[in-house]
Amino acid sequence: MPNIRWIAIALTLLLTATAPGEARRILVRPGGAAGQVGLPRAIPDAQGNQWMIYPGGWLQIQGNTPVFSQGAILNINGNQPGQQNNLARYDEKTGELLIENLVAGPVRVTRRIKLDDSTGMIRYVDVLTGDPQKDVEVQLLLQSSLNYGIQNSVTVPDPKRKNRQIGWVAMTPANKAAVEMYSGKGSKVGFDILSVPNNNMSQATMAVWIPAGKSIAIMHLHAMADTVEAGQKMLLDAKEPRIVKDLPAEIRRILINFAGNDDLIGDVEILRGDAFDVVELRAGDQYRGTLERAAYKLATPYGAVELPAAKVVGLINIGAFRPRQLVILADGQVFGGLLDDPTVNLRLSSGQLTAIPLDRISRMGYRKREGEPTEWSFDRPMVMLRGGDRVGVIPPEKPIEFVSRYGTLQLDPKNISSIVFDAENQAVHTVWLTDGGHLAGLATGDGFTMALADGGGAPVIFPAASVARIVFNRLPEESEQIRPTLTVSNGDELVGSLVGQFKLDTAFDTLAINGAEVRAMTHLEKSPLDVQVTLWDNTTVSGQCQSPTVECKLLSGMTLRVPVALVGEYDQPIPAPSAATVDRIKALAGQLADPDWKTRDRAEAELVSMGPAVLGVLTDLRPSAVAEAQQRIDAIGKQLTEQSAPKPAPPAAMELNKDDS
């Protein structure tokens, strides 16, 4: 009788053999290490196509409608990650094809690939691991090209975030549209998408930092649709929590361009039932039935809390020796403490009622209820504790004391976006203001008194030592608004303008300088008080400040005295002109409604030539001007704003903040 093992090897060789120049379509698992498969690898879809995955992880479609010629090509700092062999493996738990140990300079890459038959989307999750000793900045480029020319294409704007796109759709002559999604809706981090007209290629670029010894993950999706409209709908209707649900918790935690942590509390996934409520024991057993409880009464570090069972979706036990409970609500709030009842009553499907000791439970969850939100929205004031609590609050009326390099500040909660207490690698706290600026310091006091949003207005005290973050207000949306900024050598960024007057001792004279007229200021290294100042008319002077501080009025309303020795760089795109120039601007503005069109044109041209400094004065004059003058003021404003707007940086120069509020 022939040896079965040799027959299997012969079949494998026959199926994997190809003629020169032909793509190999490997449909069986070849020999080799356990769990390994060869590349290229064919992943069939429900439409009769084969999604071919090649070494390095890029894709191609073969079959009925081969729209993608090359897709999901990853470049890191201008290089494609290299692979030493043509092997991959399947993750037995998730069904993903894993291409591991790719290398691009100091970055190691694992590509996780899976086709979702229910949506027709192929999902890529690229896990990037940087240098173990230092932070690494990487320029990412994802590129795809199509087999057909593009008839028309659109980028799909993010419905939750201004000036951000989530993906790209292109119609081809094959009566199919290529669809690619590069960012989740509302994601704080996203790709810039470039699709060139009359070209069959798309590019998505992003610059990110990988912290020392850490990993980040980016996700992107590729698919086909019948029309451009259908492709747009596919992206806008994409259920992101469902898309990432089968990813391992450790991968979801490090996703930066899609939300992946909604159903994670720390490292633990929230348990939910479908037809029944479910209780999971520490030993691994799972009981299904109906939980019978009216309310959850918790003793928390900030007082007693009673939570109606109708609002609760799950519970997690934290700690091995003296467990505490985290009770999760349907709106995403999490309350941690000790339950007053040591047992949980579960009515089994057989009708029997069993009382399960609380200390035997690992986690439990209710069946999904009708009308329950698919995503949690944290667009509300909240306190996050180090133990995992997320508690909705009513912001306090009294100011919060914050000790900073600029003295002890009394911060109005209305002007605070968030206070971060446990930022990685930072011993101090960071306050983010509603104008987009941030500064480091220490929020003083042993605790923070606030009322619970769902607690009837009764105030509670959150111990300062247990607070990880407090969120009061949203940060401003990204916009084209030109804002003055002052960066400080300790990393603070203040959004506001210099005000008041300071004296500058130059080599031969002392100049009195109005802060509002300063276009730029940089600190010179020769002396702690030496600076170079650029005025509104581009006059540049260098010298030593007589005063050790300058005043900066923030857009959020507060005025800070900033030490000159700490000034890194100040930039005011629209400085105020001098008093004499203001008079000249007003005179020219009066000529914008002159009966002689030549006079009107000359006045408009001269105002444009004076630069952005005229904008503030013209804005103040516009409401009282006649219609003709208003139109010309608007035209001047448009020209000068376009001149002042920062030019987009090329991909190699783009940068994102390492720290995000």
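Author: Two residues are said to be in contact when heavy atoms of theirs lie within 4.5 Å. The model discussed here is a predicted one.

Reader: Leaving aside neighbours within four places in sequence, with which residues is tyrosine 296 in contact?

Author: Beyond those neighbours, tyrosine 296 is in contact with Leu291, Val305, Glu306, Leu307, Ala309, Val312, Leu315, Leu339, Met364 and Tyr366.

Reader: How many residues has the largest nonpolar core, and which have the most contacts inside it?

Author: The largest nonpolar core has 72 residues. Those with the most contacts inside this core are Tyr296, Phe462, Leu494, Val533 and Val562. Another core, of 44 residues, lies apart from it; Trp51, Ile76, Leu97 and Val138 are among its members.

Reader: Which backbone oxygens does the side chain of arginine 293 reach?

Author: The side chain of arginine 293 reaches the backbone oxygen of alanine 295 at 3.1 Å, and that of threonine 343 at 3.3 Å. Not counting residues up to four places away in sequence, arginine 293 touches Ala309, Leu339, Asp340, Asp341, Thr343, Val344 and Tyr366.

Reader: Which phi values do asparagine 77 and asparagine 101 have?

Author: Neither residue is a glycine, yet phi is positive in both: near 50 degrees for asparagine 77, and about 60 degrees for asparagine 101.

Reader: Where are these two asparagines, asparagine 77 and asparagine 101, found?

Author: Asparagine 77 is found in the loop between β5 (68–76) and β6 (87–90), whereas asparagine 101 lies in strand β7 (residues 97–104).

Reader: How is the accessibility of asparagine 77 and of asparagine 101 classed?

Author: A residue counts as exposed over 50% relative accessible area. Asparagine 101 is at 58% relative accessibility and so counts as exposed. Asparagine 77, with a relative accessible area of 35%, is partly exposed.

Conventions
Residues numbered from 1 in each chain as written. Predicted model: local features only at pLDDT ≥ 70, side-chain atom pairs only at ≥ 80, totals over all residues. Heavy atoms only, no water. Core = buried A, V, L, I, M, F, W, Y, C linked by side-chain atoms within 4.5 Å. Buried < 20%, exposed > 50% of the residue type's maximum accessible area, 1.4 Å probe, protein only. Polar contact = N/O pair within 3.5 Å; in protein donor to acceptor, adjacent residues only side chain to side chain. Helix = DSSP H or I, 4+ residues; strand = E, 2+ residues; numbered from the N terminus.
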